[in-house]
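Student: Can we go through this one together? I'd like to begin with the aromatics.

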Amino acid sequence: LACLGLAGCATPRMDDAGRLALYQAHAGAPAPQFRYFGNAMGWERIDDQHVLLQMRPREAWLLRISGPCLDWGGASPTLGLSSRNGLVVARFDRVVVHGSPVDCRIEEIRPVDMEALRAASRAQPSGT
């Protein structure tokens, strides 16, 4: 079991529901797994059950998780993923938050079309 940390730093401009809807609109069908060797660009907490994991500029995964492990009170903790042989598998692997006694199972993995997401984000009215 490998747990590899990622530092998160996101500044949301819309509420959780709006961001989740935007990501879901640009996410593909659920995938059983994705390759993960511990190098990711970053992550973004969307809500208590969803995380966007950015692997490369054009590769990102929307993870739906079970449990309260993302409820850290607004801090930006280190996030880790379990994996086996370079794969993160839905309904088997877990999200781990450093310092938390709770980890969460990854229930669903969906690829995100980052180019389409960026274009849609640019088209959104700016504001808080």
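**Aromatic cluster**

Tutor: Phe34, Tyr36 and Trp61 form one aromatic cluster. Bear in mind that the model is predicted.

Student: How many aromatic pairs does the structure hold?

Tutor: There are 2 aromatic pairs. Phenylalanine 34 and tyrosine 36 make an edge-to-face pair, with 6.5 Å centre to centre and 70° between the planes.

Student: Are phenylalanine 34 and tyrosine 36 buried or exposed?

Tutor: Phenylalanine 34 and tyrosine 36 are both buried.

Student: And what about the rings of phenylalanine 34 and tryptophan 61?

Tutor: Their centres are 5.0 Å apart and their planes are at 15°, so the pair is stacked. The pair links distant parts of the chain: phenylalanine 34 lies in strand 2 (residues 33–35) and tryptophan 61 in strand 5, 27 residues apart.

Student: Why does tryptophan 61 count as buried?

Tutor: Because its relative accessibility is 12%, and the cut-off for buried is under 20%. Phenylalanine 34 is buried with a relative accessible area of 3%.

Student: Switching to the core. Which residues have the most contacts inside the largest nonpolar core?

Tutor: Phe34, Leu63, Ile65, Leu81, Ile106 and Ile109, in a core of 21 residues. Strand 4 (50–56), strand 5 (59–65), strand 6 (78–81), strand 8 (94–97) and strand 9 (103–112) each supply at least two residues of this core. A second, separate core has 12 residues, among them Leu22, Ala27, Met114 and Ala120.

Student: What is isoleucine 106 in contact with?

Tutor: Leaving aside neighbours within four places in sequence, the contacts of isoleucine 106 include Leu63, Ile65, Leu81, Val88, Phe92 and Val95.

Student: Next, arginine 105. Where is it?

Tutor: Arginine 105 is in strand 9. It counts as partly exposed, because its relative accessibility is 32%. Its side chain makes a polar contact with the side chain of glutamate 107, at 2.9 Å. Arginine 105 also touches Phe92, one of several residues beyond four places away in sequence; the two are 13 residues apart in sequence and 6.6 Å apart in space, C-alpha to C-alpha.

Student: Last topic, helix 1. Which residues are buried?

Tutor: In helix 1 (residues 16–25) they are Arg19, Leu20, Leu22 and Tyr23. Seen down the helix axis, they fall within an arc of 160°, so they line one face.

Student: What do the buried residues of helix 1 pack against?

Tutor: Strand 3 (42–47), strand 4, strand 5 and helix 2 (114–123). The face of helix 1 turned away from the buried side carries the exposed residues Ala17 and Ala25.

Technical notes. Residues numbered from 1 in each chain as written. Predicted model: local features only at pLDDT ≥ 70, side-chain atom pairs only at ≥ 80, totals over all residues. Heavy atoms only, no water. Core = buried A, V, L, I, M, F, W, Y, C linked by side-chain atoms within 4.5 Å. Buried < 20%, exposed > 50% of the residue type's maximum accessible area, 1.4 Å probe, protein only. Helix = DSSP H or I, 4+ residues; strand = E, 2+ residues; numbered from the N terminus. Contact = heavy atoms within 4.5 Å. Polar contact = N/O pair within 3.5 Å; in protein donor to acceptor, adjacent residues only side chain to side chain. Arc of directions from axis to C-beta. Phe/Tyr/Trp six-rings, centres within 6.5 Å; stacked < 30°, edge-to-face > 60°.
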